[in-house]
Amino acid sequence: MSAAARARRIAVTGLGAVTPVGTGKEEVWANLLAGRLGFAPVASFDTHAFSVHLGAEVRSFSPAPYVRRLDPTRLGRASQLAIAAARLALADAGLGDEPAPVAAVAPALAGVAMGTTSGEPREVERFDDRYLAGELDLVGAEFMTLYPCHMIAAHVARELGFAGVNTMIPAACAAGNYALAHAVDVLRAGRAELMLAGGADAFSRITYAGFARLGAIAPERCQPFDRRRKGMIPGEGAAVLVLEPLDAARRRGARIYAEVAGYGLSCDAHHMTAAHPEGDGAVRAMSRALADAGVAPEQVSYISAHGTGTPTNDRLEAIAVGRVFGAGTRVPISSIKSMIGHTMGAASAIEAAVCALAVATDEVPPTMGLEDPENDFDYVPNLARRLPVEVAMNNAYAFGGNNASTIFRKCEVA
Amino acid sequence: MQRETAPPHQGPSTGAAAGRRRVVVTGAGVVSPLADSPAGLHRALAAGISARKPIELFETSGIGCHEAGEIRPFDPQAYVGERNLRPLDRTSRLLVVAAQLALADSGWAPAGQPRPAGTTPGAEVGLVVGTTFCSVRTIAEFDRRALRLGPSHASPLDFANSVINAAAGQAAIWHGLRGVNSTLAGGEASGLQAIAQAAELVRAGRADALLAGGAEELCFESFLGYYRAGRLCGSLDRGAVERPVPFDARRNGFSLSEGAALLMLEEASAAAARGAAVRAEVLGWGAAFAAASGEDGMADAVARAVRLALADAGAAPAEIGCLSASASGSVTVDRAEARGVAAALGERAAELPVTAIKAMLGEGLGVSAAWQAVDLVETLGDGVLPGIAGLEQLEPGLPLPLPETAPETTRRLEPAARRRALVTAVGADGHCAALVLGAAP
């Protein structure tokens with residue numbers, strides 16, 4: 001990392017989220033701190049052929065308040081969720097949201113970086129329904145105008161008039177962190193003055209069938225790090241963070257949640273769906289992030305775990321955390337997937353927002369359902385906690401062996 | 001005009017390139033319907049050979065188009081040996097082969113063999129891949145099997161490959177690529193976005209060696225989808241002659257294609273330390289999005305991307321020796337691209353040698369721009385710029401100096417025109433990217 005690149009510090013100045021436990025920063029944060037659960041029997045498709053039935057869907061979501069320039073009926077659900085999160089984030093950043101959202105920055109210097117696992121899976125599901133019904137003649141132009149995953153970032157930018165960098169990073173369940181990392185690079189290189197970075201995924205029968213087939217879905221409860229955990233629960237949602245150069249954010253008097261102090265990426269190169277047995281890739285991602293941020297492990301105040309609740313993930317993640325932080329570490333670690341399930345490409349974006357909030361408010365959300373922890377780590381069981389959060393680390397791991405860690409740090413008062 | 005040069009904090013005023021890490025190309029791997037090596041592809045493109053042939057991969061009855069750039073035969077084991085290919089779908093196989101070829105071409109040993117002498121200890125090769133779909137066929141087949149037979153019969157193998165970063169993950173496993181692993185989706189611009197992101201990571205000191213490019217497979221789902229969207233040649237004016245000819249007045253859509261291509265990008269001193277041959281240098285890049293719909297918005301975004309790439313490279317328009325355009329035969333996008341490039345290059349546009357290799361290769365979506373970059377590296381080496389096969393009737397009023405008629409437009413560039421070359425990549429959904437390549441020092 002060159003000194004020049006280090007010189008440009010990046011601030012988080014706005015947060016927007018649509019999640020199974022609420023919409024908007026205030027509601028989501030209050031419900032996560034209160035330990036509310038977002039699980040219910042799946043409503044968006046019939047699960048009678050499955051042996052599991054719970055999901056973490058975003059109920060009664062209406063795109064109408066958020067999708068104003070574009071026609072919401074011509075957007076996939078992930079795009080709708082992403083636009084909602086983006087508008088909420090811009091408003092939260094004090095940048096207004098109508099009609100030309102960001103007076104502070106020229107449109108050509110305002111960019112979007114989004115992550116996803118499946119893009120707009122419902123569009124391919126609609127295609128498949130027609131295929132199996134022998135009705136392929138009903139497939140129209142909308143398949144290719146709605147389905148490709150890059151339409152999520154494109155739709156956000158079109159809705160908001162953002163004409164700068166536009167990047168879609170489908171890095172599966174680490175995609176939110178990947179998008180955030182990319183946005184940091186774009187800002188550090190001076191290629192944009194404002195970036196919306198986040199992730200979005202829509203609830204999907206494809207995702208559900210896949211995880212069910214792997215035996216990875218918990219029947220009743222999502223209990224990350226508990227000895228009796230039975231799996232994850234698929235979810236959906238979106239989160240967007242507003243990122244700006246710290247100096248510019250200070251000049252305009254923006255509220256600064258945290259600084260994105262660094263990130264680290266790595267690849268297991270081991271197995272498509274199982275993590276490395278010693279957590280090698282996760283260790284390298286965490287270590288690179290710490291080095292990039294110039295932070296020692298003992299300076300980390302809180303870790304937002306990937307913590308899916310599957311037996312394998314949580315065991316290997318604990319090994320990796322132990323290797324980086326020491327087997328006896330007391331750093332508080334929690335998984336909000338115990339409340340909102342695994343929102344796929346949105347997950348690490350929502351968790352990044354949680355880290356920014358933890359840094360800003362000195363509170364951390366709990367790991368719910370934790371009765372018999374598998375490790376002697378501090379998993380913040382069942383009750384939110386007040387503690388000084390100087391530095392928060394956000395970990396995400398994905399199919400394909402993609403690992404990403406991001407680090408958020410409290411900003412000194414200017 | 002908004003500020004489009006590097007901001008003051010970025011570095012010394014002596015030029016955008018001063019004092020920063022340099023990114024060089026030390027090799028490439030290509031899988032395409034025309035050839036399986038950069039030199040072979042370059043020769044085929046210079047000869048104006050078309051990749052279009054009747055599709056055999058899937059049934060096209062009921063669709064009004066029947067030809068595409070299908071790779072046939074495609075025998076991955078001829079390249080990667082007898083290891084088990086069963087867990088890999090077509091996109092992953094294309095990418096694994098391209099990675100194998102690029103690792104060999106750049107002097108990095110394939111997985112399982114010792115690295116060549118002089119490689120940086122601890123250096124890890126990573127992978128950045130552009131793709132539109134990865135495999136929409138795998139995703140759809142996974143879904144349909146689960147629907148037909150019930151979820152207990154869903155295929156775990158297909159599910160693992162249903163994520164859009166599956167090919168990048170599979171290639172990393174196959175070749176032991178433990179560095180950064182990233183997948184970018186930006187339609188026809190994906191491959192250039194991937195090369196730009198990789199170059200940014202190398203320049204910023206986050207990586208020393210990255211494979212970067214794109215991969216896309218031909219499949220029924222995307223072929224039908226683009227046909228219904230009116231984007232395949234002939235899919236709007238059915239019954240007309242299919243004319244996927246960039247910049248031609250009678251063009252009526254693109255010819256879909258498939259393949260994979262990767263450049264090995266390395267930090268210059270690390271490449272020198274391991275004695276790698278430098279084929280070209282990645283000098284600068286830029287990206288923009290057409291937030292406003294219509295041709296004007298697209299032309300503006302193309303122009304911004306090109307200006308940003310030139311500024312990043314510290315290159316004046318007059319220094320650009322040739323252009324490899326994104327144009328594919330798309331009715332509106334080709335014109336927007338020509339207008340945007342001309343707006344960015346000013347007077348230089350009037351005499352700029354231009355090729356549009358999709359005239360021969362077709363539209364490979366995520367791989368397209370990687371093919372363009374690989375071929376332009378060859379052009380920088382030998383001075384041969386392929387023509388635009390099939391161009392019989394140039395669209396009137398295009399602001400680029402394209403030949404009026406051009407069955408044989410391959411030309412040899414003057415030495416001065418072989419120093420810096422421009423690649424543009426324009427996605428129909430608004431993603432625009434530009435890249436400036438420089439000849440090997």
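The model is predicted: local features need pLDDT of at least 70, side-chain atom pairs count only at pLDDT 80 or more, and totals for chains, interfaces and linings use all residues. Residues are numbered from 1 along each chain as its sequence is written, and chains are lettered from A in the order in which they are written.

**Domains of chain A**
- Chain A is assigned domain 1 (10-251) and domain 2 (262-409), with bounds from an automatic or database domain assignment.
- The centres of domain 1 and domain 2 of chain A, taken over C-alpha atoms, are 20 Å apart.
- Domain 1 of chain A brings 58 residues to the contact, and domain 2 of chain A brings 56. Contact means that the C-beta atoms of two residues, placed from the backbone, lie within 7 Å.
- On the side of domain 1 of chain A that touches domain 2 of chain A, α7(A) gives the most, with eight residues. Helices (H or I, at least four residues) and strands (E, at least two) are DSSP runs, numbered from the N terminus.
- That side holds 34 nonpolar, 16 polar and eight charged residues. Nonpolar covers Ala, Val, Leu, Ile, Met, Phe, Trp, Tyr, Cys and Pro; charged covers Asp, Glu, Lys and Arg; the others, Gly among them, are polar.

**Chain A against chain B**
- Chain A supplies 69 residues to this contact, and chain B supplies 68.
- Elements of chain A that each supply at least two residues include α1 (3-7), α5 (142-146) and β9 (258-267).
- α4(A) gives the most to the side of chain A that touches chain B, with six residues.
- The side of chain A that touches chain B divides into 43 nonpolar, 20 polar and six charged residues.
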